[in-house]
Amino acid sequence: MKIAIVRERTEGETRVAATPETVTRFIALGATVAIEAGAGEAARFTDAAYKEAGAEIAPTPAAALAGADIVLTVRRPGAALLQGIAKGALVVGGMDPYGHEGEIAALGKAGATVIAMEFMPRITRAQVMDILSSQANLAGYQGVIDAAVNFDRAFPMMMTAAGTVRPAKAFVMGAGVAGLQAIATAKRLGAIVSATDVRPAAKEQVESLGAKFIAVEDEEFKQAETAAGYAKPMSAGYQAKQAALTAEHIAKQDIVITTALIPGRPAPKLVTAAMVKSMVPGSVIVDLAAERGGNVESTLPGQVITTPNGVTVIGYTNVPGRLATSASQLYARNLYAFIETLFDKKTKAFAVNWDDELVKATLLTKDGAVVHPNLVAAASAAAPAAKAAPVQGELLAAATPAKKPATPKAAKPAADAAAGEAPAKAAKPKAPPKPRAPKAAKPTPPKTGASE
Ligand code: NAD
């Protein structure tokens, strides 16, 4: 039983799908592990550490992949990379399948049995395998850190001999996994925090963290949650009421962190250019939904811009990749927890139970064909012209706006089936490499893009 890990090819991706810790655990399960040289470098896991954990360091991806039964990845690999893998090898990772059905079909044709970790059902048994949560949690934390770095003032109230510094006011939009962590982080830094969400269950969670809940709590709000705990798209009427409430609130905020997502759909636009314009110079908006098109009209995915009225709008698209070590550690443990279920505990034999609900929900391709019900139709429409996996190179930290806004890759609407509710949100970040954003330029008019 051989497990292979290759270096991530997506530009700017800093994470790695296995750490020395999970390598040790895979070996204890009875597997051998081959890892391409340098695969963990950007997440600060050295080849020497993998070797010490018992992995073979392979000089090329082909050498790592030769004869592998399981391939672990962060992002969907290109089919070309996997040419020559053993027929039926499991390829497990964040596959970002919606809108990329052709690429998934090509992986199937290359012989891969593809597992999309973002389709993992949110049931108790699978919590430990939930890559959406592990990565969103870190993104929520990092979003606040990025806001603080770009903010010209202090977060906490400070009473000094020279006078009092008032605390920053932070508003978190979307109180799911990322939003709740953003609330907790902003509170720890001393900000006065408020938050909104369309799911009624979020109210208590927000308040339990000591933040104020701001929302239009009408009849529609009371029904705004699916059985799986996700938000439903809201009516135009609700959105208008919510926008009016939000507009009034945002004008008084220093920091806005947006995290609102609806599975399988483009991110809802919650912050208009007029709202951005209402904020005082020096305010900072972090759009954690940038990868799915953004919650903020002014966001340029992958970039940091400053609007003419001096508001910094941060649209990084691989926020977990900005904490590559922590993100890889959690992600690798998510993968380990899933792979472990494929091994017979007594005999240590690798035997996939195709009837297991976790396998059924996450399996995209088998025996050369796309099998996931949410993808079959689109995959056959996309065939045979499967394009190569897109290079998701995003800029880092450009403090000036790009000439052309990157086109957000909106996920296609997914069927509302339980398994399909797993959004394409997860791992698709395009990582701004490690170096942090330079502090956003002082209020200078953007050359383009800031939609004001
Ligand atoms: P998500 O990433 O899909 O969305 C982020 C948040 O945006 C959600 O809270 C959503 O309600 C909110 N949102 C959507 N549209 C909005 C709008 N117009 N205005 C304001 N907010 C809007 O969600 P998530 O972080 O994955 O979490 C969804 C739920 O699932 C949460 O309740 C979370 O606690 C729960 N969860 C359960 C498990 C489990 O294993 N049972 C695991 C993880 C998360």
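Residue numbers run from 1 along each chain as its sequence is written, and side-chain values rest on heavy atoms, without hydrogens or water. As the model is predicted, local features need pLDDT of at least 70 and side-chain atom pairs count only at pLDDT 80 or more, while totals for chains, interfaces and linings take in all residues.

In soluble globular proteins, nonpolar side chains tend to be buried together. Here, a nonpolar core is a set of buried Ala, Val, Leu, Ile, Met, Phe, Trp, Tyr and Cys residues joined through side-chain atoms within 4.5 Å; buried means under 20% relative accessible area, exposed over 50%, and partly exposed in between, with a 1.4 Å probe and protein chains only. The largest core has 41 residues, and those touching the most other members are I3, F26, L72, V92, M117, F338 and I339. Helix α12 (324–340) is among the elements that give two or more residues, as are β1 (2–5), α1 (20–29) and β5 (90–93); helices (H or I, at least four residues) and strands (E, at least two) are DSSP runs numbered from the N terminus. With seven residues, α12 supplies the largest share. Setting aside neighbours within four places in sequence, I339 has contacts (heavy atoms within 4.5 Å) with I3, F26, I70, L72 and V92. Another core lies apart, with 37 residues that include A175, F213, I257 and Y316.

Helix α5 (residues 101–109) is largely enclosed by the rest of the structure, because eight of its nine residues are buried. The cover over those buried residues includes α4 (79–82), β6 (113–116), β16 (365–366), β17 (369–370) and α14 (376–382). Just past α5, G111 adopts a positive phi of about 110°.

Turning to the rings, Phe, Tyr and Trp (its six-membered ring) pair if their centres lie within 6.5 Å; planes under 30 degrees apart are stacked, over 60 edge-to-face, and the rest tilted. That rule gives six aromatic pairs. One of them, F151 with F155, is edge-to-face because the planes stand at 85°, with centres 5.8 Å apart. F151 is buried at 3% relative accessibility, and F155 is buried at 5%. F343 and F350 make a tilted pair, 5.5 Å centre to centre and 50° between planes; F343 is buried at 7%, whereas F350 is partly exposed at 26%.

Charges also sit over rings (NZ of Lys or CZ of Arg within 6 Å of the ring centre and within 35 degrees of the ring normal). R322 lies over the face of Y316, 3.9 Å from the ring centre, and K366 lies over W354 at 4.5 Å.
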